[in-house]
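User: I am new to this structure and would like to learn how its features are read. Could we go through them step by step?

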Amino acid sequence: MRPTLVILLAVAVLLAMAWLGQRRLIYLPMPTEVPPVAEALPGARELSLTTDDGLDLDAWLAHPTDGDLGVGVLVANGNAGHRGLRAPLAEALRERGLTVLLFDYRGYAGNPGRPSEQGLAADARAAREALLEATDLEADALLYYGESIGTGVVTALATEAPPGGLVLRSPFPELADVGRRHYPFLPVRTLLRDRYPVAEQLAEVTAPVTVVYGEDDRIVPPELSREAAAAAPDLHEVVAVPGGHNDRALLDGEALVDAVERLAAEVAPPDGGSP
C-alpha cells in the first residue's frame with residue numbers, strides 16, 4: 001500500500017500546485033519597462049483608464065496619419081509583453097486611416113492589480129469607454145482586436161457591448177483546449193479557473209468576425225483557430241498567415257493589417273472621419 005499512497009500523495013501535491021499557481025502559467029507580464037510613448041509611437045498620446053473596480057491603467061491613443069476611416073480599433077493583448085510591443089501594429093493600422101487604442105491589463109507594465117479572466121474583462125470595458133470618450137467615434141464604428149488570450153477578452157466584451165466588427169488573431173474554442181495541448185498529463189479542464197470560452201460566447205456575437213491564424217502556430221494550433229471561427233454566426237473572413245504564434249507576420253504583418261482594414265471598411269461610416 002505504501003508505494004500507492006506515495007504516488008497518490010505526489011499526484012495530489014502536483015494538482016494542488018497546478019491549481020494554486022495556474023495564473024502564473026497563464027499570465028506572463030514582462031519585467032521590462034514600457035518605453036515612452038513619444039519614442040515607441042510618435043504622435044500618440046497617453047491615456048489613463050479607470051476600471052469599475054477602481055484600478056488606474058495606462059494606455060496609448062493613436063490617431064490616423066493617412067486619411068481617416070472613422071473607425072477605432074481597441075487592441076487587447078495576448079498573455080505576454082506590454083503595449084510597447086504592439087506599437088508597430090498601431091503604427092501600421094493608423095497608416096491605414098484607423099484610430100488605435102493600446103492598453104495594458106492589470107498586473108502588466110507597472111499597472112496595479114493581478115490578472116484574471118474577470119479582471120481583464122473589466123480592463124477591456126474601461127478601455128472601450130476611454131476610446132469612446134477620447135474620440136468622436138460611434139460605438140458601431142469600433143473594431144475589437146484580440147490577440148491569443150485577448151481573443152477571449154474581446155469576445156466577452158462583444159457579448160456585453162456589441163462592436164462594429166471583431167478581429168480574432170490566433171483564437172481558440174476555450175482556453176482549456178490550449179492547455180491540454182501543452183499539459184496533456186493534467187486534467188486541465190477541471191483545474192482551470194479562467195476559462196475564456198471563445199466559441200461559446202462567439203455564438204452570441206452578431207457583428208462580423210475576421211479570424212487570422214498562423215499556419216505554423218505551435219502555441220494555438222491552426223485547427224483550434226479554425227474551430228473557433230466556425231462558431232461565428234457572421235464570419236466575414238478567415239485568413240491563414242505563414243508563420244508561428246510570435247512571428248512578425250502575426251504581430252503586424254501585411255496580411256494581418258490588410259484583414260483588419262477590410263473589416264474596417266465594412267463598418268466605416270459613409271463620411272469616414274469627417275465631422
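User: With which side chain does the side chain of serine 170 make a polar contact at 2.9 Å?

Analyst: This is a predicted model, in which local features need pLDDT of at least 70 and side-chain atom pairs count only at pLDDT 80 or more, while totals for chains, interfaces and linings use all residues. Residues are numbered from 1 along each chain as its sequence is written, and side-chain values use heavy atoms, with hydrogens and water left out. A polar contact is a pair of N or O atoms within 3.5 Å; within protein, one must be able to donate a hydrogen and the other to accept it, and residues adjacent in sequence count only if both atoms are side-chain atoms. Here the partner is the side chain of arginine 169. The side chain of aspartate 217 also makes a polar contact with that of serine 170, at 3.5 Å.

User: Is serine 170 buried or exposed?

Analyst: Buried means under 20% relative accessible area, exposed over 50%, and partly exposed in between (1.4 Å probe, protein chains only). Serine 170 is counted as buried because its relative accessibility is 0%. The residue belongs to the loop between strand 8 (165–169) and helix 6 (175–182); helices (H or I, at least four residues) and strands (E, at least two) are DSSP runs, numbered from the N terminus.

User: Which residues touch the most other members of the largest nonpolar core?

Analyst: A nonpolar core is a set of buried Ala, Val, Leu, Ile, Met, Phe, Trp, Tyr and Cys residues joined through side-chain atoms within 4.5 Å. The largest one has 49 residues, and Leu49, Tyr144, Leu166, Leu168 and Tyr196 touch the most other members. Helix 4 (residues 117–133) gives the most to this core, namely seven residues. A second, separate core has 31 residues, including Trp60 and Tyr145.

User: How many residues of helix 3 are buried?

Analyst: Six of the eight residues of helix 3 (residues 87–94) are buried, among them Leu89 and Arg94.
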